[in-house]
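Hello,

Here is the structure I promised to pass on to you. Have a look at it first, and then read my notes below.

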Amino acid sequence: MVEKTKQGTRRSSSRNARQSSAQQSEILQGSGQQMPVLPLRDAVIFPNMSVPLFIGRPKSISAIEIAFVDNKDLFLVAQKDSLIDRVYASDLYMTGTICSIVQVIKLSDNTIKILIEGRSRGITKEITENEYMFFASVAPVNDEEVVPDKNIEALRLAALSRFELFMKNSKKVSEEIYDALCSIESPSKLADNMASYMPFKISEKQMILEEFSVAKRLEKLVILIESQNELLQVEKKIKTRVKKQVEKNQKEYYLNEQLKAIHKELGDPDVVNDFNELAKKIEKKNMSAEATEKALSEVRKLKNMPPLSQESGIIRNYLEWLCGIPWAPSKKKMSLGTAEGILDKSHYGLEKIKERIMEYLAVQQRVQKMKAQIMCFVGPPGVGKTSLGQAIATATNKSFVRISLGGVNDEAEIRGHRRTYIGAMPGKIIQAMKRAGVTNPIIMLDEIDKLGSDWRGDPASALLEVLDPEQNSSFTDHYIEVPYDLSDVMFITTANSMDIPHPLLDRMETIVLSGYTDEEKLNIAKFHIVSKQKEENGLKEEELTFTDGALYSIIRNYTKESGVRSLERSIAKISRKSVRKILTEKGTTQISISEDNVKNFLGPPKYSPWEAQKNDTVGVVTGLAWTEMGGDLLSIESLLFPGTGNIISTGHLGDVMQESIKAAYSYVKSQTSVFDIDPDVFSKNDVHIHVPEGAVPKDGPSAGVTICTAIVSAITKKKVKCDIAMTGEITLLGKVLGIGGLKEKLLAARRGSIRTVFIPKENEKDLIDMPQNLLAEIDVKCVGHINEILESSFR
């Protein structure tokens with residue numbers, strides 16, 4: 001630390017600093033009657049004041065060094081906005097105080113501490129800024145000579161009396177300061193010193209500094225001090241009012257305690273028995289030992305609280321929840337035959353799921369206590385995942401509660417909020433148990449693949465405990481605060497895809513619901529949807545009939561889905577129009593919907609069946625894709641043209657599909673002798689791979705064989721058969737790897753009039769579960785290498 005003083009007793013600086021100061025001093029000297037300007041934040045300096053200041057801004061430090069080295073005065077001005085760090089000349093007041101520097105101390109953190117002494121007011125017309133500092137041409141303003149008169153004396157006494165009142169009310173100013181002010185004879189000096197001790201705003205202190213008339217200055221000072229005194233009076237009234245309110249609450253508490261004692265002595269049943277009944281209710285609920293102990297503890301705590309207190313309401317709400325959730329299972333059971341009949345009546349097909357439910361019911365009849373099952377139904381929208389859960393509840397004679405998890409991104413939605421928060425309540429699991437009323441219901445967690453996560457936590461992680469049979473016997477909700485047994489609950493989750501965190505997926509038995517074939521949709525419509533819509537729209541059985549051709553036409557021309565939701569909406573629309581026609585057209589008592597008149601009710605067909613290429617084409621191959629809506633066909637186009645050996649890919653393709661293109665291209669380059677291709681073709685030409693419908697994102701490895709076939713066709717100029725399609729991942733060695741969603745892809749191939757489909761050898765085992773009528777219409781060939789496809793794909 002280096003300290004500098006006017007006497008030069010402790011002054012030390014480097015040669016560079018001296019040279020810099022000399023250069024800045026020359027700038028000032030060349031500007032005429034100027035002095036360095038020091039901007040101040042949150043401070044207004046008055047004349048005749050000695051004030052220490054800590055300076056850290058580079059330009060302020062430069063101004064101090066210039067003034068100190070050249071023995072110049074400083075012009076101190078306040079900033080208009082104290083929050084601004086980088087100030088400009090327009091941010092400063094034009095009236096300030098001319099000060100001399102008494103002492104300068106350099107601190108270890110490169111800041112400076114200075115002691116300045118105010119000499120007189122100063123005013124400038126313009127403040128200028130250069131690369132080193134602010135400076136200005138300042139005109140000193142000397143105090144006017146005041147002739148003592150009654151007006152000045154009255155203002156002086158008024159200021160002192162109001163300052164004394166402020167001192168007594170605020171306790172922020174000592175009596176020694178007041179005594180020192182009383183001893184000042186100069187009215188101007190008194191006003192300046194008094195203003196410096198008052199907690200005025202910067203703008204108010206600046207107003208005092210800019211007032212050159214002593215009488216007016218004293219008058220403004222009296223007004224400002226009076227305003228401060230009025231503010232202190234208001235604060236005092238508020239404090240008194242708050243104190244009285246606190247005393248009132250304490251008095252009410254004391255009286256309530258006395259009233260309790262009086263009621264107890266008198267044996268008043270309305271008060272004494274209230275807690276006794278609450279305790280008996282807790283004991284009758286057959287809670288766990290830990291929950292019973294916790295509840296009775298809260299009752300004892302409630303007895304010692306005022307009835308109208310906020311904490312009392314929180315405890316009562318907690319006890320209502322603890323008593324409201326079930327603590328005993330349902331004893332109802334369903335025979336196997338009845339359960340199987342209910343499932344067959346409510347849902348067509350789905351044999352694997354029905355078989356799994358019947359196995360569960362069979363084991364339940366043999367085992368007294370069994371772990372509840374946790375199943376995950378995965379499939380496209382509209383295939384009946386949610387309604388299947390309701391049917392299972394009916395078949396097993398259990399309560400059913402559905403929880404929608406779509407968009408949930410707060411862990412507290414699952415585990416609940418702690419009671420310390422206002423408006424806290426249990427999470428969705430405990431709420432569902434209360435709605436169910438028994439400890440062994442069926443709870444469906446719908447759309448589990450659409451859980452989110454953010455700074456409030458990860459709900460999927462919170463579900464790990466809920467869906468783990470080894471842990472959920474002691475599930476703890478943040479609000480309930482006692483372990484709750486979920487081991488008897490049968491959890492069913494639903495999802496449109498397998499995009500579920502692996503630890504969560506590992507705890508569930510996954511059952512895949514594939515999309516329906518046209519025949520399955522026809523049967524669902526005939527035996528379920530048509531009768532349901534007739535009943536909902538008030539139609540008699542004979543008033544509306546559908547032919548099979550009409551239903552096929554609706555399925556193929558007015559819907560494009562794996563499920564049956566759009567199909568149901570279309571049949572509902574026909575039912576409504578039929579009701580109107582029967583009521584408004586005389587003589588119309590029966591309506592028959594055929595393939596020819598469907599368009600009269602639904603309008604022109606919405607979808608044209610996707611058909612394969614009608615002609616064999618070079619570089620165009622039909623591929624098979626899987627989406628959350630089911631299977632689909634896509635054309636992959638390849639084009640060869642002169643270039644420098646680049647490969648271009650377009651069509652909104654994902655990273656995995658881009659890598660499949662590179663792998664296929666590399667394989668073709670490595671097999672030039674096999675395909676009879678000139679190696680120079682790759683260096684002299686570019687290959688462009690395009691997948692139409694560029695606005696639709698596409699990704700996945702299963703298009704590898706299709707891309708490879710398209711590249712070979714484009715280079716060899718061989719036409720690809722128009723009635724074939726293919727799917728499979730390709731390796732650099734040409735091996736064809738397995739894919740998923742085979743049923744949906746084969747259904748899409750049949751819709752597109754494809755006759756031959758190449759699939760990986762690994763997926764041959766999946767053909768066992770395929771509908772026989774589907775395999776009868778499509779020639780499915782299983783291949784293990786890409787060359788097997790290429791041998792059969794070209795004309």
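**Salt bridges, patches and one buried glutamate**

Arginine 507 counts as partly exposed because its relative accessible area is 25%, where buried means under 20%, exposed over 50% and partly exposed in between, with a 1.4 Å probe and protein chains only. Its side chain meets that of aspartate 468 in a salt bridge, at 3.4 Å from N to O; the term stands for a side-chain nitrogen of Lys or Arg within 4 Å of a carboxyl oxygen of Asp or Glu. This pair links distant parts of the chain, 39 residues apart. Arginine 507 sits in the loop between helix 17 (502–505) and strand 16 (509–512), and aspartate 468 in the loop between helix 16 (459–466) and strand 13 (475–476). Helices (H or I, at least four residues) and strands (E, at least two) are DSSP runs, numbered from the N terminus. Aspartate 468 is buried, because its relative accessibility is 11%. Salt bridges with shared partners also join Lys294, Glu298, Lys301, Arg419 and Glu481 into one network.

Before going on, please keep in mind that this is a predicted model: local features need pLDDT of at least 70 and side-chain atom pairs count only at pLDDT 80 or more, while totals for chains, interfaces and linings use all residues. Residues are numbered from 1 along each chain as its sequence is written, and side-chain values use heavy atoms, with hydrogens and water left out.

How many salt bridges are there by this rule? The count comes to 32. One of them joins lysine 59 to glutamate 129, with the closest N and O atoms 2.3 Å apart. Here too the pair links distant parts of the chain: lysine 59 is in helix 2 (residues 58–69) and glutamate 129 in strand 7 (residues 127–129), 70 residues apart. Lysine 59 is partly exposed, at 22% relative accessible area, and so is glutamate 129, at 27%. Another salt bridge runs between glutamate 411 and arginine 415, whose closest N and O atoms are 3.4 Å apart. In that pair glutamate 411 is partly exposed at 26%, whereas arginine 415 is buried at 16%.

On the surface you will find a patch of negative charge, where Glu340, Glu351, Glu355 and Glu359 gather. Patches are made of residues with over 30% relative accessible area and no salt bridge; like charges are joined within 9 Å, and nonpolar side chains (Val, Leu, Ile, Met, Phe, Trp, Tyr) within 5 Å. Helix 12 (residues 351–366) gives the most to the negative patch, with three residues. Glutamate 359 lies in helix 12 and is partly exposed, because its relative accessibility is 40%.

There is a nonpolar patch on the surface as well, formed by Val234, Ile238, Val242 and Val246, which together have about 320 Å² of accessible area. Such areas come from the Shrake-Rupley method with a 1.4 Å probe. Valine 242 is in helix 7 (residues 214–266), and at 48% relative accessibility it is partly exposed.

Finally, is glutamate 744 buried or exposed? It is buried, because its relative accessibility is 7%. Glutamate 744 lies in helix 26 (residues 742–751). Leaving aside residues up to four places away in sequence, glutamate 744 touches Ser514, Gly515, Trp626, Gly630 and Gly631, where contact means heavy atoms within 4.5 Å.

Best wishes

Technical notes: Lys, Arg positive; Asp, Glu negative; His and termini not counted. Charge placed at Lys NZ, Arg CZ, Asp CG, Glu CD.
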